[in-house]
Amino acid sequence: MVVEMMTDSVGQFGYFALFFLLWLGIVGMPIPDEVIVLSAGVLTATGVLHVIPAFIATYLGVVSGLSLGYVLGRTVGAPALNWIGRKKGMNKYVAHAQSLLERYGSYALCISYFLPVVRHVVPYLVGIGKMTFRRYALFSYTTGLVWTLALFAIGHFTGNNVAYLSAHINTLTQGMAAGVAGLVLVAVVGVYVYKVWKRRKERVVTSKEYSK
């Protein structure tokens with residue numbers, strides 16, 4: 001059903017349809033972003049779209065939609081969060097996003113990509129927290145590239161099985177989230193170990209200089 005709808009949209013608006021379908025996710029599109037990205041991959045497998053322009057349009061739609069949340073949070077501030085909270089059932093996602101940020105800091109941007117709805121809330125919160133755009137882009141755009149590429153490739157190589165994948169999208173994204181959380185943990189531990197090693201090395205160098 002989603003594939004047919006996207007085929008009609010692409011027929012009318014070209015690759016811009018992919019961009020806007022994902023960009024509009026910020027206002028609560030009823031179709032999950034994951035399904036749209038998977039379907040875009042399917043359309044390249046069936047020859048409706050060319051791989052490279054379809055992927056570029058898809059990626060730009062994903063990161064642009066999330067970046068709008070960041071911009072609104074940074075410029076509008078708390079009223080932007082209040083606007084989200086007024087939507088039915090959103091309070092639990094806001095609470096989840098806040099919990100992620102408290103626990104993982106900037107890395108929450110990476111993990112949230114694999115959590116439906118939460119991925120749209122976290123950019124608001126980091127914007128409200130005045131995170132620099134450079135830092136936001138570093139974490140969000142790189143993870144967005146990996147997330148989009150993974151789902152797009154799955155859609156491309158599984159073809160018309162997207163209906164089956166859509167039915168199991170939560171399991172798929174949860175598995176991807178667990179993998180990313182593991183990578184984040186490894187990265188955090190690696191950075192910590194490196195800092196400890198660097199401090200010890202500096203102490204050794206300093207002690208040697210004093211002993212001369």
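A search of the whole structure, which is a predicted model, finds 10 aromatic pairs. Rings of Phe, Tyr and Trp (its six-membered ring) count as a pair if their centres lie within 6.5 Å; planes under 30 degrees apart are called stacked, over 60 edge-to-face and the rest tilted. One of these pairs joins Phe 19 and Phe 20, edge-to-face, with 5.1 Å centre to centre and 90° between the planes. Phe 55 and Phe 152 form another edge-to-face pair, at 5.4 Å centre to centre and 80° between the planes. Because Phe 55 lies in helix α4 (residues 51–76) and Phe 152 in helix α9, this pair ties together parts that are 97 residues apart in sequence. Helices here are DSSP runs (H or I, at least four residues), numbered from the N terminus. Phe 55 is buried, with a relative accessible area of 17%, and Phe 152 counts as buried at 4%. The term buried means under 20% relative accessible area, exposed means over 50%, and partly exposed lies in between (1.4 Å probe, protein chains only). Ring pairs also link Tyr 70, Phe 133, Tyr 136 and Tyr 141 into a cluster.

As to the basis of these values, the model is predicted, so local features need pLDDT of at least 70 and side-chain atom pairs count only at pLDDT 80 or more, while totals for chains, interfaces and linings use all residues. Residues are numbered from 1 along each chain as its sequence is written, and side-chain values use heavy atoms, with hydrogens and water left out.

Helix α9 (residues 133–158) has 26 residues. From its first C-alpha to its last, α9 reaches 36 Å, close to the 38 Å expected at 1.5 Å a residue; the expected span is 1.5 Å times one less than the number of residues. The buried residues of α9 include Tyr 136, Phe 139, Trp 147, Leu 151 and Phe 152. Phe 157 is also in α9, but this residue is exposed, with a relative accessible area of 70%. Phe 157 and Gly 41 are 116 residues apart in sequence, yet their C-alpha atoms are 7.8 Å apart in space.

Gly 41 is one of the buried residues of α3. This helix (residues 33–45) has 13 residues and reaches 19 Å from its first C-alpha to its last, close to the 18 Å expected at 1.5 Å a residue. Helix α3 is mostly covered, with 12 of its 13 residues buried. After α3 comes Gly 47, whose phi is positive, near 90°.

The structure holds 2 salt bridges, a salt bridge being a side-chain nitrogen of Lys or Arg within 4 Å of a carboxyl oxygen of Asp or Glu. In one of them Asp 33 pairs with Arg 119, the closest N and O atoms being 3.7 Å apart. Asp 33 lies in helix α3 and Arg 119 in helix α8, so the pair ties together parts that are 86 residues apart in sequence. Arg 119 also forms a salt bridge with Glu 34, where the closest N and O atoms are 2.3 Å apart. This pair too runs from α8 to α3, so it ties together parts that are 85 residues apart in sequence. Asp 33 and Arg 119 are both buried; the relative accessibility of Arg 119 is 3%. Glu 34 is buried as well, with a relative accessible area of 1%.

Val 117, in the loop between α7 (108–112) and α8 (118–128), has a positive phi near 70°. Val 117 counts as partly exposed, at 28% relative accessibility. Lys 130, in the loop between α8 and α9, has a positive phi of about 65°. Lys 130 is likewise partly exposed, at 48%.

An unreviewed UniProt entry lists residues 104–126 and 138–157 among its transmembrane regions; such annotations may be inferred rather than shown by experiment. In the model, residues 104–126 are 65% helix and 0% strand, with the end C-alpha atoms 12 Å apart. Residues 138–157 are 100% helix and 0% strand, and the end C-alpha atoms there are 29 Å apart.

Note on methods. Helices (H or I, at least four residues) and strands (E, at least two) are DSSP runs, numbered from the N terminus.
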